[in-house]
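Hello,

Here is the structure I promised to pass on. Have a look at it first, and then read my notes below.

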There are 2 protein chains.
Amino acid sequence: MGVKIKDVARVAGVSVTSVSRVLNKGEHVSEKLEKKVRQAIEQLNYSPSLIAKSLKRNKTNLIGVIIPDITSNFQATILSNIEETLGRRGYNLLVSNIVEDTDKVVKYLNVFQEMRVDGIVLMHEKLNDHIRLFLEKNQIPLVVHAELGLNLPTVMIDDFKAAYDATAYLIRKGHRRIAMIAGDMRDLCAGRKRYEGYLAACKDYGITVDESIIRFGDYKLASGYRLMNELLAEAGGSFTSVFAASDDMAVGAINCMADHQLRVPDDISVIGFDGNQMSDVIRPRLTTIQQPMDKIGQATVELLMELIEQNDHAQRSHPARTIVLEHELVEKASCRDIHERGGFLKS
Amino acid sequence: MGVKIKDVARVAGVSVTSVSRVLNKGEHVSEKLEKKVRQAIEQLNYSPSLIAKSLKRNKTNLIGVIIPDITSNFQATILSNIEETLGRRGYNLLVSNIVEDTDKVVKYLNVFQEMRVDGIVLMHEKLNDHIRLFLEKNQIPLVVHAELGLNLPTVMIDDFKAAYDATAYLIRKGHRRIAMIAGDMRDLCAGRKRYEGYLAACKDYGITVDESIIRFGDYKLASGYRLMNELLAEAGGSFTSVFAASDDMAVGAINCMADHQLRVPDDISVIGFDGNQMSDVIRPRLTTIQQPMDKIGQATVELLMELIEQNDHAQRSHPARTIVLEHELVEKASCRDIHERGGFLKS
DNA sequence: CTGAAAGCGCTTACAG
DNA sequence: CTGAAAGCGCTTACAG
């Protein structure tokens, strides 16, 4: 680098003020002046510094995103939607992949703060005291993808209801012994709420919850495989269906069953959660709770823009808005109605 | 916000110079002074502005990454590795998802330039005149993930040889009618080179290339499905195996075959390319060319750091270094040796 | 060991 | 319509 606005001004024979005006197309400048400036810019291959501009304007047009696992197709799809929506509004994306490390979240929140990002998207669902403290102390526009109980602006689906729907769906298909491969209980929505939805549906339909057919994983494929392996070893034959808290775990479970010569849905029915790419790749296709990833991305950006707007006008007393989007139970081919056969259970 | 270094200095009763010294731990300051400063920082919840620092230091610690499709597991995995390696060195990641749009590449290269990123990673493989022009004019440290013929620093595998190996593997298993689901010929490596590797292997082994069993896709699952559908409709029964230029296309092809009641590898053998997550999820497991994604990420960062170092010392006359990493043909269960049965072909 | 002051590259009242 | 000058929040020679 090295060519700056001053150089352009010199070459064009005008003031830096005028060059700045041409660049920012705000106030009117004469055609002649504009032409001279454009020529000088071209000639010098001048690229204005957004760093200097940001410092002066107190606005970076940067959005920081904290994402637990970018290799998750579900999360990457949402990120991609956020990026696209943001790009159309002239914002750039600072991305921090967190790899399940809660301490890193605080570290990156601080970096974002130091980078003076205009807003933050927090896709992480685990909380610790440091995170809580940061969020209390710093009033930077922020949208979360889970109900953290901190009265923050949120975009999400109703995880409780979605899990309830999934479980009730199996029950209505005649299943009464439904295993669950749940998530991480430290995750407030994807973990806890989905688990609670499962419990509530069982309760409402008069099914006694049996903890021996419930396992807790990390949403990834490998853990679905491993936990299904455990379930088959320790409780095999005692359940007719499985509800997994993520599609990846559902797919892992299906693969595990295949390796045990069990057929889905003939021997065991499976329902997943997310509606990611894999759910359509696996055979049989996975019946699952579809999350509206495009809408999640868009709503996140819209909400963030609102907050940034408010922030610019120093009116930050609004109560935190929560956007709850609709999920959809998409029937594919991994669940069977077992009314007619009575199940292969004793009971 | 609003608290700046001056405020800290005032509260601590020292100069801004001293606050800056405490912050940057460069020169020695007395314990007493440091303590006062730290207290003031704590009390005011001060967060230094990296924007101001960047402007002054002429260094942003920002790396821009242009990625064609972040929802591709292969690319996301590499990005994740880059992010992690970079994070440990104190760099942050500016990400631009390009969605196959060559024009957007130039747009984002310019944004990166304006953001004064210290370096750029370009995972895109298509070139146009605007991109070429940008790369010529601007000497910002940059690492590409493909041989673009522009003498740029590069990290990649030998796509030609890898594709050659994949094809030769099938040939040695007795296949002589090998369909190919290739990539985009505008992509210099993943597209062209893999195609050329296939052609070369066929030639070396005395196999006449038949263009009627070659198709060109976009690496994504859906195109693999669609093109396999075409192949079956137009040339079904005339080939015993398929080489796909990406695992995603290979999986799409396998699913298509499944929907046609064709079994892999009994009826048709399939070999993929990448070694992504899906290749281990699909049944049968996919025999594929494994790319070393972790090493690609690490080598990319190392090379970039070298370039940035050189750039800082204004010695940019080094010839562009190219790092070629080893691929590996990983045998799983999707290819069959057909010597013993002679194939179900006439020939 | 500590501080006053210049300057990084812009924007934006203010004046003309 | 145009320009001179102050200032955004830091760092860094330079002097003491």
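**The protein surface around the DNA**

The residues of the surface near DNA strand D comprise 9 nonpolar, 9 polar and 7 charged ones; here Ala, Val, Leu, Ile, Met, Phe, Trp, Tyr, Cys and Pro count as nonpolar, Asp, Glu, Lys and Arg as charged, and the others, Gly among them, as polar. Please keep in mind that this is a predicted model, in which local features need pLDDT of at least 70 and side-chain atom pairs count only at pLDDT 80 or more, while totals for chains, interfaces and linings use all residues. Residues are numbered from 1 along each chain as its sequence is written, chains are lettered from A and ligands numbered from 1 in the order in which they are written, and side-chain values use heavy atoms, with hydrogens and water left out.

**DNA strand D**

The side chain of S20(B) has an N or O atom 2.5 Å from a phosphate oxygen of DNA strand D. For N24(B), a polar side-chain atom is 2.9 Å from a phosphate oxygen of DNA strand D. With 5 residues, α4(B) gives the most to the surface near DNA strand D.

**DNA strand C**

Which helix gives the most to the surface near DNA strand C? That is α4(A), with 5 residues. K4(A) places a polar side-chain atom 2.8 Å from a phosphate oxygen of DNA strand C, and I5(A) has a backbone N or O atom 2.8 Å from a phosphate oxygen of DNA strand C.

Best wishes

Terms used. A polar contact is a pair of N or O atoms within 3.5 Å; within protein, one must be able to donate a hydrogen and the other to accept it, and residues adjacent in sequence count only if both atoms are side-chain atoms. Helices (H or I, at least four residues) and strands (E, at least two) are DSSP runs, numbered from the N terminus.
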